[in-house]
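Biologist: Before we discuss anything in detail, could you put the model on the screen, so that I can ask about its parts one by one?

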Amino acid sequence: RTFGAEIEWSLSLHRQLSLWGTHTFQHSEAVNYTVYNPNGTADLSDDMILDFSGNRQPHVPGVMSRFGIKHNWDLLESSLDWSFMGKRLGNVENAFTLPAFSTFNMNVSYTLSRRMDIGLQANNILNAAGLMNFFGPNTFGASANDASADYIRENPEGSFVVFPILPRTLYLSFSVRL
């Protein structure tokens, strides 16, 4: 069950300057959530069904936000935006939290002629670090749910499979309209 609000807005400060934003605020909870655990064997007698009902949903941040500014001046257009991903739980047990992170992106484009444009796009300008997702221990067949609070405590030097955000990237583009 998820309760929340999404807000989108834009504000034109001037014919050439505008601000915009998108914001999501949410709380997500598992009403009925069970996970089948074979305990790593083919023997059915040691299998268990784990009940995580009432836990917060994994990978669902309480806050996601994006704010930007855009400027148009004759043939030149530029924008800068800030994105924020709030902290979120890493698995159904709620054994750990993935930290919040922010990134800044920039775009600049120039119209060379009626048919040609050149542009520069820079993502994650400050080269921030962040984790988008978590897939569990770095072992064959593992899942995020295998990283229980006990597992993490017993494996302080453990290796895990994660999905990080991309590092700083720059793109140069040249467009021709035929």
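Biologist: Where is the place of Asn124?

Modeller: This is a predicted model, and the backbone of Asn124 stands out in it, with a positive phi of about 50° although Asn124 is not a glycine. Its relative accessible area is 4%, so Asn124 counts as buried. As for its place, Asn124 is found in the loop between S10 and S11.

Biologist: Asp74 also has a positive phi although it is not a glycine; is Asp74 buried or exposed?

Modeller: The phi of Asp74 is about 55°, and this residue lies in the loop between S5 and strand S6 (76–85). Exposed means over 50% relative accessible area. Because Asp74 reaches 71% relative accessibility, it counts as exposed.

Biologist: How far apart in space are Arg66 and Trp82, C-alpha to C-alpha?

Modeller: Arg66 belongs to strand S5 (residues 63–73), and with a relative accessible area of 34% it is partly exposed. Along the sequence, 16 residues separate Arg66 from Trp82. Their C-alpha atoms, however, are at a distance of 5.6 Å.

Biologist: Which strands are the edge strands of the open sheet of 7 strands?

Modeller: In this sheet the strands follow the order S1-S2-S5-S6-S9-S10-S13, and their pairing is antiparallel. Neighbouring strands are turned against each other by 10° on average, with direction ignored. An edge strand here pairs on one side only, and that describes strand S1 (2–14) and strand S13 (169–176).

Biologist: Within that sheet, which residue in S10 is the bridge partner of Ser113?

Modeller: Strand S9 (residues 101–113) and strand S10 (residues 116–123) run antiparallel and are joined by 7 bridges. Thr111 stands opposite Asp117 in S10, while the bridge partner of Ser113 is Met116.

Biologist: And over how many bridges do S10 and S13 pair?

Modeller: S10 and S13 pair in the antiparallel sense. One of the places to look is Ala122, which stands opposite Leu170 in S13. Counted over the pairing of S10 and S13, the number of bridges is 8.

Biologist: Turning to the aromatic residues, why does the pair of Phe96 and Phe134 tie together separate parts, and how many residues apart are these parts in sequence?

Modeller: The model has 5 aromatic pairs, and among them Phe96 and Phe134 form an edge-to-face pair, with 4.5 Å from centre to centre and 70° between the planes. Phe96 lies in the loop between strand S7 (88–89) and strand S8 (97–98), whereas Phe134 lies in strand S11 (residues 131–137), so the pair ties together parts whose separation in sequence is 38 residues.

Biologist: Is Phe134 buried or exposed, and which residues form one aromatic cluster with it?

Modeller: Buried means under 20% relative accessible area. Phe134 has a relative accessible area of 6% and is therefore buried, and Phe96, at 17% relative accessibility, counts as buried as well. The aromatic cluster that contains Phe134 also includes Phe96, Tyr151 and Phe160.

Biologist: Finally, which strand gives the largest share of the lining of the largest pocket?

Modeller: About 210 Å³ of space lies in the largest pocket, and its lining includes Val35, Tyr36, Asn37, Leu50, Phe52 and Glu93. By class, the lining has 5 nonpolar, 4 polar and 2 charged residues. The largest share of this lining amounts to 3 residues, and the element that supplies them is strand S3 (residues 34–37).

Methods
Residues numbered from 1 in each chain as written. Predicted model: local features only at pLDDT ≥ 70, side-chain atom pairs only at ≥ 80, totals over all residues. Heavy atoms only, no water. 1 Å grid on protein atoms, 1.4 Å probe; cavity = no way out; pocket = protein on both sides within 12 Å on 5 of 7 lines; lining within 4 Å. Points joined across faces, edges and corners; volume = space filled by probe spheres on them. Helix = DSSP H or I, 4+ residues; strand = E, 2+ residues; numbered from the N terminus. Nonpolar A, V, L, I, M, F, W, Y, C, P; charged D, E, K, R; others polar. Phe/Tyr/Trp six-rings, centres within 6.5 Å; stacked < 30°, edge-to-face > 60°. Buried < 20%, exposed > 50% of the residue type's maximum accessible area, 1.4 Å probe, protein only. Pairing = 2+ DSSP bridges. Axes fitted to C-alpha atoms, helices over the stretch in contact; angles between N-to-C directions.
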